[in-house]
Amino acid sequence: MTASFTEGHSDPTVQPVPASVVEKVDAADTTLHNPKRAVISIGSNLGNRLETLQGAIDALEDTPGVRIKAVSPVYETEPWGVQPGSQPSYFNAVVVLKTTLPPSSLLERAHAVEEAFHRVRDEHWGPRTLDVDIVAYADVVSDDPHLTLPHPRAHERAFVLAPWHDVDPEAQLPGRGAVAELLGAVTRDGVAPRADLELRLPE
C-alpha cells in the first residue's frame, strides 16, 4: 500500500520511522552526497579562548558541504616549545565532521576561519588566537607539503589524541593505528581535561 505524500502526516498507513533508521539516515546525512569523515583540531591561547573555539565550530558548520557530527570535551594544554609561563595555556578540542569538500578546500576554509579570528603567524610556536588543523581526512595518507595527511605530529600530541579518543574511542589514525594505543604511548603531562567547560554542537 502506498501512502499519499500530500497528506502523509494524517494518513494512518504511514508508519513512524524506527529510531534506528533515523540514526542511520542522520549518520549518513542526506544533505551531503557521499561525504568523507574528517577530524579537525582547534586551539586558542589568546583572548576569550572558549568563545573563540565555539566561534570556530559555528563557522565550520556554516561552511557549505560541511556537517559537524561531534565536538569533544575541552582540554587545557601548556604551550609547546616555549619557556613555561611565557604564554597563556591553550584550550584545545577536536571536531569530527562529514564533508564533501576535498582536503585542499577544507584547508582553505580552515585558514579562512583562523583569519576571521585575526590569527597571526608572526613567530613559530607563537601564541595564537585560533589554530585550526586538519588531523585526518578519511583514510588519506599524503606527504603533500601543502597539506600532509594525516597531520605529521598528531600521533605524538596528547592534546589531539585525548579529545579525539573521547568522542571516538575506536578511532584510527591513518598509517599510525588506533588512537587509543597512540594515546597510551604519549605523556599527558600538561594536558588536563576541563570538565567545567563545554563546547556546543551547532544547532
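**Exercise 1. Trace the salt-bridge network that contains Arg49, Glu76, Arg194 and Asp196.**

Solution. Arg49, Glu76, Arg194 and Asp196 are joined in one network of salt bridges. The model is predicted: local features need pLDDT of at least 70 and side-chain atom pairs count only at pLDDT 80 or more, while totals for chains, interfaces and linings use all residues. Residues are numbered from 1 along each chain as its sequence is written, and side-chain values use heavy atoms, leaving out hydrogens and water.

Step 1. Apply the criterion: a salt bridge is a side-chain nitrogen of Lys or Arg within 4 Å of a carboxyl oxygen of Asp or Glu.

Step 2. Take Arg49 and Glu76, whose side chains form a salt bridge with an N to O distance of 3.8 Å. Arg49 belongs to helix 2 and Glu76 to strand 3 (residues 75–77), so this pair ties together parts 27 residues apart in sequence. Helices (H or I, at least four residues) and strands (E, at least two) are DSSP runs, numbered from the N terminus.

Step 3. Take Arg194 and Glu76: their closest N and O atoms are 2.6 Å apart. Arg194 is in the segment after strand 8 (191–193) and Glu76 in strand 3, and the pair links distant parts of the chain, 118 residues apart.

Step 4. Check accessibility, where buried means under 20% relative accessible area, exposed over 50%, and partly exposed in between (1.4 Å probe, protein chains only). Glu76, at 21%, is partly exposed, and Arg194, at 23%, is partly exposed.

**Exercise 2. Which parts of the chain does the salt bridge of Asp168 and Arg37 tie together?**

Solution. Step 1. The N to O distance between the side chains of Asp168 and Arg37 is 2.9 Å.

Step 2. Asp168 is in the loop between helix 4 (158–167) and strand 6 (172–173), and Arg37 is in strand 1, so the bridge ties together parts 131 residues apart in sequence.

Step 3. Asp168 is buried because its relative accessibility is 17%, whereas Arg37, at 38%, is partly exposed.

Step 4. The whole structure has 5 salt bridges.

**Exercise 3. Which residues touch the most other members of the largest nonpolar core?**

Solution. Step 1. A nonpolar core is a set of buried Ala, Val, Leu, Ile, Met, Phe, Trp, Tyr and Cys residues joined through side-chain atoms within 4.5 Å.

Step 2. The largest core has 29 residues, and Ile40, Ile42 and Leu106 touch the most other members. Helix 2 gives the largest share, 5 residues.

Step 3. Contact means heavy atoms within 4.5 Å. Beyond neighbours within four places in sequence, the contacts of Leu106 include Ala38, Ile40, Leu97 and Ile134.
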